[in-house]
Amino acid sequence: MGSTNHVLRMKELIAKIREADNAYFGEDAPVMTDREYDALVEELKRLETETGITFAGSPTGRVSGGIKKGLETVRHSKPMLSVNKTKSIQDIKRFAEGQNVVLSWKMDGLTLVLRYEKGAFVQAITRGSDGTVGEDVTATVRCFRNLPHRVSCKEAFEVRGEGVISWEDHKVVGKNAADAVSHPRNTAAGLVRTVSPDRGKLAHLDFYAFELIKSEKEPPTKMEQLSFLSVNGFTVVPHTLVQAYSGSGAIEDAVKSFDPEQFAYPADGIVVEYDDIAFGKSLGATAHHENRMLALKWQDELQETIFRGVELITTRTGVVSIVGIFDPVVIEGARVKRANLHNLGIFESFRFGVGDRIKVYKANMIIPQIAENVTKSGSFALPKFCPCCGERLTVKFSANGVKELYCPNEDCIARNAQKIARFCDKAAMNIEGLSAVTLEKLMAYGWVKGYADLYHLEDHREEIATTAGFGIISYNKIHDAVEKSRHTTLGQFLIAVGIPLMGPQAAKILNDYYYGDWNLFEKDAKEGFSFSHIEGISPTLERNIHRWYQDEKEERLWRPVLKEISFMERSRHRENANTFTDANVVITGTLTTLTRKQAHELLTLIGANPSDTVTQNTDYLIVGMSPGGKKLSKALQYGTTILYEKQFAEMLDQ
């Protein structure tokens, strides 16, 4: 009877793991935490050992993954297997004994294979469903900010690495509440595996190379392999070599040097790999992982506390995120009192009640998570109404079956605040001081309902100046920023009104094509002009422009703005070009007045071609604080004009 129960439980575990894999890899929308997933896999492994039974297709003997509908599939030249994992430093010591090993970050993003031929990038492929067939994501990966489009090696080769987004860039890309509370891994995967690329957001992603997997002249050691990748322009995963003769304490010291709280990117552990490639290959592989490497995952520091309730966050899509609130505890040296529960399905699985004893931890030593509810009283009832507009919340299921709370009110403050915040963005109308949070307050008082209301805030000057959280100084700053935005470009306006896929590059192309003249652009939009005939404008963007222009609801938002603003029209003659027109410009270091994204968008709008790589064709290198020595030395080698930030600002003023 016991074995029958074991078999039934194994089948149940396999079904749950497959469902989680489909949500995680297929839709980039996890239905359970990493801790819950790992617990299911470990239980399945234990039962397989006890019963001696392993079902065909068991998740313990294959690589997890998925293929997204709408993306072309490509067969890998070498199967992409997983990495065996442990949480024991002793296992790592035993693994490394007698061998030189390379330790590197196990970066948490989307694993990719890049193919190069004759010195040029030709294709990018995801892991895919089983590690043998992946998705062609060449179009999106081309937009990564550090991707080498050309390399010095002219022989064909393939490189494996991780597509990632830093914690800091995730804050920038995550403009809406749903993105802001999601994991950067999910954000990166969602951006790369889309059939409708957002070039502006993709420019925040990086590729970190960690393995040369196919080359005519394969280096004999891992360190030489990584050196080859670095010489060819790849950003290589941070790593360190531990020599076999270094002593027993060397591994522990090396592991301690990898501090996830000081690392700019999400990581879920450390990979330890034999430096001797031939020796590593001689150890073979299972259907799941190669024996030449082992991953050390972080030990979770569990703390017990008391559940107190939830906070609901309505996003611009209407989906409501659920954040658990509990008595503050200190984990990994930081005070924690909130943890994202993501969706209704995950929330319900915990069976919360106010006063329940719960255990919390930091996933990867970074993100607060609730591990389990010890009490499980099940007495807590979620709020029934949207926290922003008061509309009764509904329950709906996403395309991959995730159970979610949803605000059906299309006029909800939270949904429109995000939309208007995008209108105010630096790359759009550039109205400083009007974040989504500030706009929610202005909208809650009824002072702002649409774009055009921003230009009539003087009608509410006294009310805003005497309202808590604002004051006369805040009002004046907002008013001044709004007034500056009255004189704008056609390109900025087209970004501001939220046409899907309308990024800075496409906006610049249209701005140049129509000489900044709104009337010329609108005439073509009204007459159904084929915008894709303009070089650089895709058929998809063309369809989006026409749908946007014909959408009466959208028109009620943007049409009144035309009475408030004027466009900077350009001369039809080339003599109106500026110093930076068609110039190739690279920035190194940190600028004091602009973020890297803002500087690139500004350069694009004034006609320049911003890049992240100094080449013989680079015209200007703009130097900020703590510049990179590699870019400076290349600029000096090629005779590139070097501008310090002050000089750059002065040229812009001119």
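Two strands count as paired if DSSP finds at least two bridges between them. Keep that in mind for the sheet I start with. This is a predicted model. Mean pLDDT is 84, and 90% of the residues reach 70 or more.

Four strands make an open sheet, ordered 23-22-24-25, with parallel pairing. Strand 23 and strand 25, residues 641–644, are at the edges. Each has a single partner strand, so one side of each has no neighbour in the sheet. From one strand to the next, the twist averages 30°.

Look at one pair. Strand 24, residues 620–623, and strand 25 are parallel and share four bridges. Y620 has T641 in strand 25 as its bridge partner.

What packs on the sheet? Helix 23, residues 629–638, does, touching strand 22, strand 24 and strand 25. Its direction makes about 145° with that of strand 24. Helix 24 packs on the sheet too, touching strand 24 and strand 25. Helix 24 runs at about 90° to the direction of strand 25.

Next, helix 22, residues 596–605. A599, H600, E601, L603 and T604 are buried there. The buried residues of this helix pack against helix 18, strand 22, strand 23 and helix 24. Just after helix 22, G607 has a positive phi of about 100°.

Now the cores. In soluble globular proteins, nonpolar side chains tend to be buried together. Here the largest nonpolar core has 56 residues. Which residues have the most contacts inside it? L103, L114, V141 and F234. Strand 3, residues 101–107, gives the most to this core: five residues. A second, separate core has 55 residues, including I420, I509, W518 and I565.

Back to L114. Beyond four places in sequence, L114 touches V141 and F234, among others, and also F157 and V159.

Strand 7 covers residues 157–164. Eight of its eight residues are buried, so strand 7 is largely enclosed by the rest of the structure. Strand 4, residues 110–117, runs antiparallel to strand 7, joined by seven bridges. Within that pairing, L112 stands opposite G161.

A quick stop at A295, in strand 12. Its relative accessible area is 0%, so A295 is buried. Contacts of A295 beyond four places in sequence include V83, K106 and I270.

Charges next. The whole structure has 34 salt bridges. E211 pairs with K78, with 3.5 Å between the closest N and O atoms. E211 sits in strand 8, and K78 in the loop between strand 1 and strand 2, so the pair ties together parts 133 residues apart in sequence. E211 is buried at 5% relative accessible area, whereas K78 is partly exposed at 23%.

E135 and R193 also form a salt bridge, 2.7 Å from N to O. That pair links strand 6 to the loop between helix 7 and helix 8, 58 residues apart. Buried or exposed? E135 is buried, at 0%, and R193 is buried, at 2%.

E527 is exposed at 55%, and K523 is partly exposed at 45%. Finally, shared partners join K78, R160, E211, K222, E273, E290 and R292 into one salt-bridge network.

One caution. Over residues 175–181, pLDDT stays under 50. Where pLDDT is low, the predicted coordinates should not be read in detail. The model still has 21 contacts beyond four places in sequence for residues 175–181.

Definitions and conventions. Residues are numbered from 1 along each chain as its sequence is written. This is a predicted model: local features need pLDDT of at least 70, side-chain atom pairs count only at pLDDT 80 or more; totals for chains, interfaces and linings use all residues. Side-chain values use heavy atoms; hydrogens and water are left out. Buried means under 20% relative accessible area, exposed over 50%, partly exposed in between (1.4 Å probe, protein chains only). Helices (H or I, at least four residues) and strands (E, at least two) are DSSP runs, numbered from the N terminus. Contact means heavy atoms within 4.5 Å. Axes are lines fitted to C-alpha atoms, for helices over the stretch in contact, and angles run from 0 to 180 degrees between N-to-C directions. A nonpolar core is a set of buried Ala, Val, Leu, Ile, Met, Phe, Trp, Tyr and Cys residues joined through side-chain atoms within 4.5 Å. pLDDT is the predictor's confidence in each residue, from 0 to 100. A salt bridge is a side-chain nitrogen of Lys or Arg within 4 Å of a carboxyl oxygen of Asp or Glu.
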